[in-house]
Amino acid sequence: MKQLILKNECLIIGNVWDSLSAIIHEQAGFKALGTTSWGIANTLGYQDGQRIGFDELKNMVSQILKVITIPLSVDIEAGYGKDNQEIIDNILTLAKMGCTGVNLEDSLPNQGLKDKDEFAILIKETKKELINNGFENFYFNIRTDTYLTLDNPLNETLDRVVLYQKFGADGIFIPCIQKDEDIKKVLENINIPLNV
C-alpha cells in the first residue's frame, strides 16, 4: 500500500464491505482496496459509528483477505478500544493478519473531536509499536473530522494535520473538505499524502 501511495500518482482505492465486493473491485482493476465502515456495519445489520465489535470487523476483514491478492487498508473508525493500548493492539492485530494499512479517526461517534494532543500521542505510540513489530511499511492514515464537526474548520484542521504528521501519520484524510483554496492550504503545510 505504502509503495503505491508514494509513487506520487493519484491512487484510487476501491471501498469494499464483504468478500464479493472485494472480488468485484479487484477484477475491475483497482490496485488497492479499503474497507468502508458504513458498508460493513450495514451488511451486518448495524448503523455506522463503531456499533459493531472489533471481533466482527476482524472476521469480515479475514474473509476479504482470503479472496484478494492486492493490498487492503481497514477503516478502523476510532480504533474499537477503550484506551490507547487496546487501540494499538487492534491495529497490530490487523497488521499481523496481512492488512497493509488502517484509517484511524480523531473523533468519537456523537462525542465530537478528540483532544488533538492526546490523539497525537496515540499516533506516536501506535507508530512506535508498528515499527517495533516489523511493520514499518504499514500505512498509517489519519482522518481528521474537523470539516464534519466545526463551522470554521480550516485553522483547526491545519493545526491537527501538522501535529499528526509530526507524530507519525503517513497520510491524512479530510472528509468533506471541498474548497480548492482549503485543500491547497493543507497541502502547503504538510508533505505527506492527502486524501480528500
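Tutor: A search of the whole structure finds two aromatic pairs, where rings of Phe, Tyr and Trp (its six-membered ring) pair if their centres lie within 6.5 Å, and planes under 30 degrees apart count as stacked, over 60 as edge-to-face and the rest as tilted. Helices (H or I, at least four residues) and strands (E, at least two) are here DSSP runs, numbered from the N terminus. Both F54 and Y80 are buried, a term for under 20% relative accessible area, with exposed meaning over 50% and partly exposed in between (1.4 Å probe, protein chains only).

The other pair consists of F119 and Y164, whose ring centres are 5.2 Å apart and whose planes meet at 65 degrees, so the pair is edge-to-face. Because F119 lies in helix α6 (residues 116-132) and Y164 in helix α8 (residues 154-166), the pair ties together parts that are 45 residues apart in sequence. F119 is buried, as is Y164.

The model is predicted: local features need pLDDT of at least 70 and side-chain atom pairs count only at pLDDT 80 or more, while totals for chains, interfaces and linings use all residues. Residues are numbered from 1 along each chain as its sequence is written, and side-chain values use heavy atoms, with hydrogens and water left out.

Q50 has a positive phi of about 60 degrees although it is not a glycine. At 22% relative accessibility, Q50 is partly exposed. C176, also not a glycine, has a positive phi of about 75 degrees. The loop between β8 (171-173) and α9 (180-189) holds C176, which is partly exposed with a relative accessible area of 48%.

As for cysteines, C99 is buried, with a relative accessible area of 5%. The count of disulfides comes to zero, a disulfide being a pair of cysteine sulfur atoms within 2.5 Å.
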